[in-house]
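Morning, everyone. Please look at the chain on the screen, and I will walk you through it in a few minutes.

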Amino acid sequence: MSPSRTLSTRRPTIVAALCTAALALTGLAATPPAAARPTEVPTAAAALPYQDPSLPVPERVDDLLSRMTLDDKLGQMTQIEKDALVPQSDLATYRIGSVLSGGDSTVSPNNAQTWADTYDSLQRAALGTPLGIPMIYGIDAVHGHNAVRGATLFPHNIGLGATRDPALVQRVGRAVAEEVAGTGIDWSFAPCLCVARNDRWGRTYESFGEKPELATSMATFVTGMQGASPGGDPASVLATAKHYLGDGGTTGGVDQGDTQLSEAELRAIHLPPFQEAVRRGVGSVMLSYSNWNGVTSHAHKYLVTDVLKGELGFSGFVVSDWAAVDQLDGQSGFTGAEISTAVNAGVDMVMVPHDYKKFLGMLRGEVTAGRIAQARIDDANRRILTKKFQLGLFERPLTDRSYTSTVGSAEHRALARQAVRQSQVLLKNDGGVLPLAKNAKLFVAGKSASDIGNQSGGWTLGWQGRSGPVTEGTTILQGLRAAATDPSRITYDRYGNGIDGSYTAAVAVVGETPYAEMHGDRPGSMGLDQEDLQTLARLKASGVPVVVVLVSGRPLDIAAQLPDWKALLAAWLPGTEGNGVSDVLFGDYAPTGKLPMTWMRGASQQPINDGDGKSPLFPYGHGLTYGTDPDPDPDPDPDPDPDPDPDPEPEPKACTAQFKVASSWSGGYQGEMTVKNTGTGPLTGWSVAWDLNGSTVTSLWNGSLTVAQGRATVRNAAHNGALSPGATTSFGFTANGGAGTPAPQCTGS
């Protein structure tokens with residue numbers, strides 16, 4: 001890492017010298033944790049090497065490690081909940097390396113300024129040690145800085161997946177990073193790169209979609225959060241790829257369940273998004289509560305150390321999920337065996353999050369007993385400290401208040417509104433009832449029409465979220481009224497009472513109420529609740545055309561009701577900018593969203609995914625827009641060429657394909673093919689062919705495969721066929737047998 005990457009302007013420079021000359025000479029790195037701590041950061045007479053920002057990060061890390069005691073190192077591996085820290089001075093006493101705010105952890109009053117003040121107070125306490133190592137503060141900013149009242153809340157990932165716009169998602173990541181940095185916090189537990197394969201799962205909305213190539217394309221969020229590298233951008237916030245690995249593929253969609261797949265299937269479906277996040281330099285990876293064939297990720301050395309850190313080359317640090325290490329034996333309370341199992345598997349930082357004194361005592365016991373090697377402790381510390389240096393925390397440990405005003409800014413809300421527009425998926429539009437005229441007489445109903453909590457979903461001002469006016473923003477009803485020519489022509493009743501035949505249309509905003517994780521699992525019915533059904537029945541009885549806006553974290557079982565509706569718009573969980581929904585309803589923005597999930601005909605079809613042979617209500621990728629026939633008959637050519645050239649000369653289209661083995665195992669391998677446009681003009685499509693040399697392709701992503709006479713041909717997918725001169729794309733596959741030395745041939749069109 002070059003020294004320049006430690007010089008970001010994320011935080012104001014303050015004097016954070018860490019030792020006096022006398023302390024340095026007497027080697028206070030050996031001071032035990034229980035010793036008295038200075039309450040202010042001392043001023044050094046001469047900087048030590050690790051304090052010198054002109055030195056390369058590896059040299060600074062080496063120097064600091066050489067001065068750290070075992071207690072210093074164990075503290076760096078410990079992350080605790082802010083509200084469990086009593087007294088605050090324990091941050092220095094126990095050398096705690098990281099603090100987090102869990103889903104329900106907050107400040108009072110809840111605003112950006114108080115969060116920043118809280119962060120700075122805790123950071124000053126953390127600096128009060130002889131070595132003055134700053135803490136790193138983590139939070140679940142999963143669809144905006146969602147713990148902070150007044151922050152901009154973007155669509156949850158399922159909606160962003162519907163946009164099919166990686167550049168937009170990168171811009172969203174950047175905006176979220178600015179708002180997070182404005183409260184001092186330097187680490188977000190996002191993005192979730194899970195591939196949701198069963199809509200019963202309570203975290204489905206945290207997934208960008210059901211196919212690995214879609215989630216992989218949205219790893220641009222990492223670059224948005226961090227910049228080109230951690231600390232390489234003003235307002236750089238450390239990103240987290242989670243949850244590693246396979247949490248979206250559990251049997252029955254059970255949260256924290258068991259993903260029962262072959263290794264080839266696990267690699268083909270769930271690994272590619274993490275591979276892309278690592279390629280983009282993601283700073284941390286959070287492990288999953290779930291199991292792979294009976295073994296939890298937190299105990300899986302092969303997946304964590306061999307595959308993630310070894311094969312993929314991940315150089316950041318691995319953090320556990322909330323109290324996940326304490327769950328390894330199924331009993332409450334840490335044991336030494338749980339701790340050694342997790343750390344030896346590759347966990348670098350343990351999200352404790354409460355009983356940190358007991359945890360540290362047990363961790364020390366495992367090290368002194370030789371059950372955790374000192375080399376493993378040093379490796380974990382090297383990974384953690386490297387990210388702290390790269391983020392510039394040693395030079396600028398306090399909040400950069402120039403970003404505090406970005407929390408909920410007009411610029412960020414405009415970006416969120418655009419993300420909402422692009423996330424809307426028009427599933428049905430009989431008779432062109434949409435878009436609605438702005439001067440139409442409309443009746444609006446449904447429990448989510450005027451409820452910003454419902455439209456924001458879980459992880460909103462609390463872990464599970466809640467209904468009601470939980471934060472500032474624009475509801476869908478407010479958006480409709482603001483855009484209408486005459487707001488008085490829009491009538492609202494939550495339950496649909498009072499509607500008659502005089503209205504042009506009825507807009508029913510219905511769906512799910514907020515939930516998160518296991519509380520959102522739906523093992524039984526996946527339909528609308530009784531209130532929604534009764535509201536819809538009242539609207540139907542009026543004879544007025546019904547337009548349904550479905551606010552939900554996943555596809556719902558609505559096939560029985562669909563014939564009663566003239567139009568259906570999947571709004572997902574749009575966040576605080578409900579006017580993005582009204583923009584689409586009124587036609588200010590024609591819908592462009594495409595389904596990131598296959599839409600079931602009924603809950604009994606779960607799991608249902610593209611290519612599994614099941615007949616969906618709406619297929620993956622479905623999405624209508626305005627002014628088009630959803631199933632048009634091709635028109636004959638009105639003026640055919642009377643004398644067409646029987647053998648036109650094709651325009652030359654040049655491309656190359658380069659093959660590499662991404663990974664291999666006994667009896668199989670994973671291949672990756674990079675396609676490059678080497679011509680002078682754009683490509684609209686490409687195909688790559690090669691001899692399989694006796695191997696058999698078992699799965700493929702980012703293309704379509706045909707095999708004939710031992711030769712494979714892959715044609716581009718819809719999203720990666722267009723390549724400008726010099727541009728590249730890639731596809732991947734798993735196969736049984738040996739890779740050999742294929743010589744791929746690329747053909748462009």
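Cys655 sits in strand 18 (residues 655–665) and Cys746 in strand 25 (residues 745–748), so the pair ties together parts that are 91 residues apart in sequence. Strands here are DSSP E runs of at least two residues, helices are H or I runs of at least four, and both are numbered from the N terminus.

What is a disulfide? A disulfide is a covalent bond between the sulfur atoms of two cysteines. The cut-off used is a pair of cysteine sulfur atoms within 2.5 Å. The sulfur atoms of Cys655 and Cys746 are 2.0 Å apart. A search of the whole structure finds 1 disulfide.

Now, a word on the source. This is a predicted model, where local features need pLDDT of at least 70 and side-chain atom pairs count only at pLDDT 80 or more, while totals for chains, interfaces and linings use all residues. Residues are numbered from 1 along each chain as its sequence is written, and side-chain values use heavy atoms, with hydrogens and water left out.

How far can we trust it? pLDDT is the predictor's confidence in each residue, from 0 to 100. The protein chain has a mean pLDDT of 90, and 90% of its residues reach 70 or more. Over residues 1–46, pLDDT stays under 50, and the model has 119 contacts there beyond four places in sequence. A contact means heavy atoms within 4.5 Å. Where pLDDT is low, the predicted coordinates should not be read in detail.

Next, burial. Are Cys655 and Cys746 buried or exposed? Both are buried. Buried means under 20% relative accessible area, exposed over 50%, and partly exposed in between (1.4 Å probe, protein chains only). Cys192 counts as buried at 3%. Cys194 is buried too, at 1%.

Gly128 is in the loop between helix 5 (112–126) and strand 3 (136–139). At 3% relative accessibility, Gly128 counts as buried. Asp557 is 429 residues from Gly128 along the chain, and their C-alpha atoms are separated by 56 Å.

That's the tour. Thank you.
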